Amino acid sequence: MGVSGCGKSSVGAACAQALGWPLHEGDTYHAPQSVAKMRAGTPLTDADRAGWLDRLAQLLAPGEGGEGLVLTCSALRRSYRERLRVARPHLGFVYLSLGYEPALARVQARADHFFSPALVANQFATLESPQDEPLVLTLDALRPVQALVLEIAAWTSARTLSPVATPAGDAA
Ligand SMILES: Nc1ncnc2c1ncn2[C@@H]1O[C@H](COP(=O)(O)OP(=O)(O)O)[C@@H](O)[C@H]1O
Ligand SMILES: O=C(O)[C@H](O)[C@@H](O)[C@H](O)[C@H](O)COP(=O)(O)O
């Protein structure tokens, strides 16, 4: 999760490969009208995102993805993350934290993407940091992709293998 340009697609794809898990690219589940809005530089509203989050929640339903799956999703507001947590208890979030200037530079440098650079400021205005929420790994998105993948894979393995990674009283 994180603002546009933080590396969700790049890091997510590399993580899925490293973990041997299926990858779902959240961008591909936006409604065509939402993609058109973003292309035109109009920010999405909560209403625009509701159906998108419902579609992503379906991907996260327990039983989907076997051992695990990687889903790339901006998940900017806490309420969006709560929607996804309802779908999959103990869902982990990797928050790729990046400042406005590098995010803007990355989005401007992307030639083949629908997301308008004019929307990057709005991404930061919408973002609610997840850092005080459970099962969140916060990483500096300026680090090299491979270093991020190694840390995410280690965090994921520790959560999967260690019984202390689940809340007390929950045998899952
Ligand atoms: N850790 C990184 N270091 C350097 N460049 C990166 C890193 N992560 C992503 N990028 C580059 O930044 C741009 C945006 O990355 P992308 O994965 O599309 O982000 P998002 O999916 O969050 O919008 C791409 O050109 C990508 O190659
Ligand atoms: O909720 C939103 O406003 C969008 O999900 C947005 O955060 C997302 O970033 C775009 O879909 C662009 O895609 P990238 O994040 O891949 O640039």
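This is a predicted model: local features need pLDDT of at least 70, side-chain atom pairs count only at pLDDT 80 or more; totals for chains, interfaces and linings use all residues.
The structure holds eleven salt bridges, and one of them pairs E128 with R77, with 3.7 Å between the closest N and O atoms. E128 sits in the loop between α6 (120–126) and β4 (136–140), while R77 sits in the loop between β2 (70–72) and α4 (78–87), so this pair ties together parts that lie 51 residues apart in sequence.

A second bridge joins the side chains of R78 and D132, at 3.8 Å from N to O. Because R78 belongs to helix α4 and D132 to the loop between α6 and β4, this pair ties together parts 54 residues apart in sequence. R78 is partly exposed at 35%, whereas D132, with 61% relative accessibility, counts as exposed.

Through shared partners, salt bridges join R78, R81, E82, R85, D132 and E133 into one network.

Turning to the ligands, ligand 1 is surrounded by 14 residues, the closest being G5, K8, S10, R110 and R143. A backbone N or O atom of G5 lies 2.8 Å from an oxygen atom of ligand 1, and a polar backbone atom of R143 is 2.7 Å from a nitrogen atom of that ligand. Of the 560 Å² that ligand 1 exposes when taken alone, the protein buries 72%.

Ligand 2 has 15 residues around it, of which S4, K8, D27, R49 and Q123 come nearest. Polar side-chain atoms of K8 and of Q123 each lie 2.8 Å from an oxygen atom of ligand 2, and the protein covers 98% of the 390 Å² of accessible area that ligand 2 has on its own.

Finally, in helix α2 (residues 32–39), S34, V35 and M38 are buried; seen down the axis they fall within an arc of 100 degrees, so they line one face of the helix. The face turned away from that buried side carries the exposed residues P32, Q33 and R39, and what covers the buried residues includes α3 (46–60).

Terms used. Residues are numbered from 1 along each chain as its sequence is written. Chains are lettered from A and ligands numbered from 1 in the order in which they are written. Side-chain values use heavy atoms; hydrogens and water are left out. Buried means under 20% relative accessible area, exposed over 50%, partly exposed in between (1.4 Å probe, protein chains only). Helices (H or I, at least four residues) and strands (E, at least two) are DSSP runs, numbered from the N terminus. The arc is that of the directions from the helix axis to the C-beta atoms. Contact means heavy atoms within 4.5 Å. A residue is near a molecule or strand if one of its heavy atoms lies within 4 Å of it. A polar contact is a pair of N or O atoms within 3.5 Å; within protein, one must be able to donate a hydrogen and the other to accept it, and residues adjacent in sequence count only if both atoms are side-chain atoms. Accessible areas come from the Shrake-Rupley method with a 1.4 Å probe; for residues, only the protein chains shown count as cover. A salt bridge is a side-chain nitrogen of Lys or Arg within 4 Å of a carboxyl oxygen of Asp or Glu.
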